[in-house]
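The sequence and model are shown first.

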Amino acid sequence: MIWFTWRQFRTQTWITIGALAVIAVALAITGHNLADLWTSSGAATCHTNCGTAVSTFLHEVRGGVGDKVYNFALALMYVVPALIGIFWGAPLIARELEAGTHRLAWNQSVTRTRWLATKLTIVGGASAASVGLLSWAVTSWAHHIDHANANRITPLVYGARGVVPIGYALFAFVVGVTMGMLIRRTVPAMAATLAIYIAAVVSMPLWIRAHLAPVRHTTTPLDLSRIQDLMIKPRGAMEVVSGVIPHGAWVLTNTSITTTGQLFTGPANPQYCGENQGATACLNWVGSLGLRQDLTYQPASHFWPLQFTETGIFLAAAVLLAGFCFWWTRRRLT
Amino acid sequence: MIEFHLDGRSGVAPYMQLIQQVRQAMRLGLLTEGDQLPTVKDVVAKVAINPNTVLKAYRELEYAGLVAARPGVGTFVIRTLTDESLAAHGPLREELRGWLARARAAGLDSESIEALFVTTFRTPIEETA
Amino acid sequence: MSPVLQAEGLSKRYGRRLALSDCTLAIPPGRVVGLVGPNGAGKTTLLHIAVGLLRPTAGRIEVLGGQPASGAAQLAKVGFVAQDTPTYAGLSIADHLRFGAHTNPGWDQQVADDRITTLGLDPSQKAGKLSGGQRAQLALTLAIAKRPDLLILDEPVARLDPLARREFLQGLMAYIADHGAGVILSSHLVSDLERVCDYLIVLVASRVRVAGEVDDLLAGHCRLTGARRDPADLPKGVEVIEGSHTDRQSTLIVRSTTPIDDPSFTVEQITLEDLVLAYMAQAATGAVRTAALETQR
């Protein structure tokens, strides 16, 4: 059964190896350039006050091919698990049912359970391995850029680094297998798998991820020299947002609150914040109100705890779905 | 080695057809004493019938004393029919002529004689062996 | 000797549709069994239950003393060729054989290779490029080479041309002659099965109508022709399966436990095809009568 799973999977294996090789070469070449840029901009050797060196580095990167590779790798890490779910997961059972070959396969001297277990293990293992390799390569390649941008824990980059792509891939794979088993037709199963994958990958950062590690909550006096936003809206409503953010953190909420702890919404004092006054007058008036910055965030140090917890969640979901597949093929599939 | 064929339309049971073909072959001298009949596997590989049918036919031939099965070797013919039957033809023909004359004298027409002959002729093989 | 297949009250329901109802069978070993019935009668359903691809909704079934598909040992005992002989179109013949070798502990590679050579097939040929007859032979090879005690074939010759059909049956019979396995063949044409079957099951409209040794069935059924008669007038022990009447004459297909001595009837042997047709007609009139009764209500 192991040989046969490989035989059925042969083409996909070669395609994957080829694609991984091409990506590896591209990353290796551009990675070399990145390392050079890192040293030449001075960011490699600086210890304190690296602001200029880092911005030089980023500026150089954005001007070259490294930028394109960065964006491509980012997209790739989200697309690959979806592809795995669609092309490796959905056809696993659906294709056999569609072609009727299950009437051949399930009459050999292997039980359905063993048949499914072998397929899930081998193809699932291949998914985990290939995405693991890819994620390791991309994370290493983008190491300096992520350090310079200090945005590794923010949603878009987070999902393309570390171990969560493995969780996404295995989850998408098992979702694919399940959809194929329930829907019994390959193409509709592919569509359903894609829909579920997108829903899961979008919902996670929106609603769940923020709660996977203890959220940090700080209130500090407003630093007038580092205001990010000072907006005066129609009818005098105001919004003040401070630009003071811990390095590398994922900001969840950032508002300004009054001395009583309420959200500051104005109204703008027309004496200082009217149309004829300058920005400085309004700013000084705001400063006199004793506002504080109310910040909730996940610090950079929570990156790996969040990664492991989130991967664990997706793996658990995958395991549950796999168990359902075993039960369904054994008892219900007719 | 003889080959069998089946006539699906003749109304005669398959095993009977096999028996008849063996006897016919023996009568024509195609099978003589010591010749081996085709194995069951060879027969069904050519004629696509149930192996039990062939076994049944061979068993009948064995009861009739025409063949003998040697386990592990095959089924062999143990008699020759040619000279016996040739020798018996003459007297039998005479008897038949007499019978026909008596039948006509009794008032049977050709069709009645044929019907009588055919129905009597088709009685099971055990009575005629 | 224990039966190869034993079923009691076997039923399979799909929503409101009853594919099999109340089937009771006891098939003796060592026979070539013909399962005959029109399309949609439930033959495939019955065979799929026997190999464990379907679960019955009621009743019991036992195949070779075990539950269908209950484990590797049970699966090894039963060889199955499904309708349309499914094969993996992208895999070669050799790949299929390797699949069989890897998934069946009882696999006999010699048998498989010999068959492929005898059939003149090229092992490197992809199954999708084979003709219908060649695919059927490949599927049969796969089923045979695992040395099962029972072979179940679902309409194996329906789509084959006459030559392919003959070759298929020749190969099948040669295998049985050598290894004494039991066979269950289904078909909607009796003519396909007449030459090879010694046990017959007639399945019409989800019910088993008659089952028994072919010799016994042919001896126990006959055609009565005679003056117009009410079927109820016949002696006890004679059951009318199908009857047709003109104003002067009645022709009845009957089943009888004793020989019929009544001189007012001409008694004739019937063929297997006549027998199956009679039971199919009986099922049809039964359905019509039920429908008529229902409309009366």
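## Domain interfaces in chains A and C

Seven residues of domain 1 of chain A are in contact (heavy atoms within 4.5 Å) with five residues of domain 2 of chain A. The model is predicted: local features need pLDDT of at least 70, side-chain atom pairs count only at pLDDT 80 or more, and totals for chains, interfaces and linings use all residues. Residues are numbered from 1 along each chain as its sequence is written, chains are lettered from A and ligands numbered from 1 in the order in which they are written, and side-chain values use heavy atoms, with hydrogens and water left out.

**Chain A.** The domain assignment places 2-212 + 303-331 in domain 1 of chain A and 223-290 in domain 2 of chain A; such bounds come from an automatic or database domain assignment. The two domains of chain A bury about 530 Å² between them, with 75% of it on carbon and sulfur atoms. Buried area here is the accessible area (1.4 Å probe) that two parts lose on being put together, summed over both. On the side of domain 1 of chain A, the residues that lose the most area to domain 2 of chain A are A:Ala150, A:Ile153 and A:Ala210, together 63% of what that side buries. By class, this side of domain 1 of chain A has five nonpolar, one polar and one charged residues. The classes are nonpolar (Ala, Val, Leu, Ile, Met, Phe, Trp, Tyr, Cys and Pro), charged (Asp, Glu, Lys and Arg) and polar (the others, Gly among them).

Between the two domains of chain A there are zero salt bridges, a salt bridge being a side-chain nitrogen of Lys or Arg within 4 Å of a carboxyl oxygen of Asp or Glu.

**Chain C.** In chain C, domain 1 covers 5-215 and domain 2 covers 220-296. Eleven residues of domain 1 of chain C are in contact with nine residues of domain 2 of chain C. Across this interface of chain C the rule finds zero salt bridges. Helix 7 (190-193), strand 8 (199-204) and strand 9 (207-213) of chain C are the elements that give two or more residues to the side of domain 1 that touches domain 2. Strand 8 of chain C gives the largest share of that side, three residues. Helices (H or I, at least four residues) and strands (E, at least two) are DSSP runs, numbered from the N terminus. The residues of that side of domain 1 of chain C divide into eight nonpolar, one polar and two charged.

| Domain pair | Distance between C-alpha centres |
|---|---|
| Domain 1 and domain 2 of chain A | 42 Å |
| Domain 1 and domain 2 of chain C | 33 Å |
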